[in-house]
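Please read the following with the sequence and the model open side by side.

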Amino acid sequence: MNGSPLEIRGAARLAARAAVILGLLGACSAQGQDPTLEVAGPGTFSDLGQDVDRTDGLSLGDYLAGSYALNVGELSQASVFLERALAADPDNPELNRQVYLLALADGRYDRALELAKRVVAADPADEEAELLLALDEARGGHFGAARERLAHLNQGSVAALVVPFLDAWAIFGEGGPDAAQRSQARLAQGESLGPLNVYHSAMMLYLSGHLDEAETMLREGMADDRAAPVRLVQAQASLLAHQGDGAAALQLVREQVAERPDQPVLESVLNELEAGRTLPPPFDDATGGMADALWGIAQALHQERGGARAVLYARLALFLKPDLAEATLLIGDVFVDQQNFDAAIVTYEGIDDASPISFAGKLRIASALHELDRKEQAFQLLENLVDAEPGRVQALVQLGNLLRRDEQYDRAEGAYSRAIERLGTPKAEDWTLFYARGIAYERTKQWPKAEADFREALALEPEQPFVLNYLGYSWVDMGVHLDQAREMLDRAITLRPDDGFIVDSVGWVHYRLGEYAQAVEKLERAVELEPGDPVINDHLGDAYWRVGRQREARYQWQRALTLEPDQQLIDTVNEKLKSGLPPAGRA
């Protein structure tokens, strides 16, 4: 690792790192960051290489241009310039390593292999170079040689998390199904990564023909999870179907899809089972197991904001299994994090249309086009997906969300309405659609329709704090149903006590009821939680005025004007700064 900022120092950090990865097998929600892990910031790929100290013979202009391109995430451009610099100084070890990492991150495997040999010749312990060479041996069926290379890796680095998986699968590849127990024993020697270990250990049993043991292990591994890791669900469903229990497989996947309706892999598994087709395992050989493990680590690194290193591990996974679309999707997501939307689009477009991940990739392309201000192109892509996938609502939901972001509320309402028409009988998780359409109706001054949608959202999910807040606040702002609004907002704040917008709503209901001292208390807390919101600062100014703190009120109003309020609020605040508030009880 040579001092890379992604290096994990010491066994304690490995243990902390292991805890972070629990449950990451296909989980779609972002996890919190691990404060014990040092990673580069999300806006740079500069941790792919090191500064080059030796400059004799080096083309400094090319090196500087390449370094700049690297820092802004333009990997292809960085490769061009740094390749030129390397041509001028081919024996520079640090530059060889940097160009190697760029070639790997860019998916140019032939060049990466050529450079990896040079890097390892200079530094046999280099993690990524040795990993690629080990995987190249495994890809060629030389699992013994792969194990020899894996043994050279630094066991205090990120590689220490993945090497036990790779080595265990190399044992399996070398010894065949009879080596399953030895493979499991090797896997157990590494840090326990919870479900990741369960999944790979069970897959070793599955691929060696011990189906009952594998199914039991997977079932026990999911016992305490409502939304279980996707790979565990996929493997268990495949096992159940393989054992002739398609009904149990179908029930399992339906339950899991209900927990996460937007998971493309599970949707694909469900479609296969419902069609009565054979359901293959997530992978079917040792190199597939290696690739899957590398992708799992890449996921963990991405969710820990280690974007550059996540790309490298995802590329290593694709080196072994080029059709692992989840890894390609992850690389595109890293480019989105880097604000490099053009590169993200190119990456997502590399996903095969036949892959169950393809639909998710196209949705992400639409988002990237929108970010590039190619909005109508994004909307048209989503409309194409709507036509191509009449059984899905996701494209319509995303279309509505993007239009709502653009404040095109009429068009957004139309998209949400079409999505609701496709739903059939709404389920609990569909509350978000009614909530979103209610907002669009409210913004286009169609309050009766908005209120009906908010009520429907609460009927589907009665304890949803955001809907309780939006409807309660709207009633308070209109001066209607104040007692009911108070009950709803009190419930919302119980559910989310540190949400500044909900605290503001509770303060505002106190204000509208004339309870000004209580309003000040709540609104001061709301400003503390959301100091940059102009409406909350304006509300606090009104409350200060009512309790006789006029100087502080004017300060809050003036502060609200500095926080990019809309024109209506600007006009209202300027009038209050000029004349103050009218006596209480008057409009």
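A polar contact is a pair of N or O atoms within 3.5 Å, where, within protein, one atom must be able to donate a hydrogen and the other to accept it. In this predicted model, the side chains of Asn469 and Ser505 form such a polar contact, at 2.5 Å. Asn469 belongs to helix α25, which covers residues 465–478. Its relative accessibility is 12%, so Asn469 counts as buried, the cut-off for that class being under 20%. Leaving out residues up to four places away in sequence, Asn469 touches Leu489, Ala492, Phe501 and Ile502 as well as Ser505.

The chain as a whole comes next. The secondary structure of the protein chain consists of 31 helices and zero strands. Of its 587 residues, 54% are buried.

Two helix pairs show how neighbouring elements pack. Helix α12 (residues 230–242) packs on helix α13 (residues 246–259) at an angle of about 160 degrees, and their axes are 7 Å apart. Because of this angle, α12 is roughly antiparallel to α13; the class takes in angles over 145 degrees. The two helices, α12 and α13, cross in a left-handed sense. On the α12 side, the residues in contact are Val233, Gln236, Ala237, Leu240 and Ala241, and on the α13 side they are Gly246, Ala248, Ala249, Leu252, Val253 and Gln256. By type, the residues of this contact are eight nonpolar and three polar, with no charged ones.

The second pair is α19 and α20. Helix α19 spans residues 358–371 and packs against α20 at an angle of about 160 degrees, with 7 Å between their axes. α19 and α20 are therefore roughly antiparallel, and the crossing of α19 with α20 is left-handed. From α19, the contact includes Phe359, Lys362, Leu363, Ile365, Ala366, Leu369 and His370; from α20, it includes Lys375, Gln377, Ala378, Phe379, Leu381, Leu382 and Leu385. The residues of the contact between α19 and α20 comprise ten nonpolar, two polar and two charged.

Arg392 is in the loop between α20 (375–388) and α21 (394–405). Is Arg392 buried or exposed? With a relative accessibility of 17%, Arg392 counts as buried. Apart from its neighbours within four places in sequence, Arg392 is in contact with Phe359, Glu267 and Arg422.

The last stop is Ala168, in helix α8 (residues 159–175). Ala168 has 0% relative accessibility and therefore counts as buried. Which residues are in contact with Ala168, leaving aside its neighbours within four places in sequence? They are Ser183, Arg186, Leu187 and Met204. Ala168 can also be placed relative to Met290, which is 122 residues away along the chain: the C-alpha atoms of the two residues are separated by 8.8 Å.

Note on methods: Residues numbered from 1 in each chain as written. Predicted model: local features only at pLDDT ≥ 70, side-chain atom pairs only at ≥ 80, totals over all residues. Heavy atoms only, no water. Axes fitted to C-alpha atoms, helices over the stretch in contact; angles between N-to-C directions. Helix = DSSP H or I, 4+ residues; strand = E, 2+ residues; numbered from the N terminus. Parallel < 35°, antiparallel > 145°, perpendicular 65-115°, else oblique. Left-handed = near helix turned anticlockwise from the far one by under 90°. Contact = heavy atoms within 4.5 Å. Nonpolar A, V, L, I, M, F, W, Y, C, P; charged D, E, K, R; others polar. Buried < 20%, exposed > 50% of the residue type's maximum accessible area, 1.4 Å probe, protein only.
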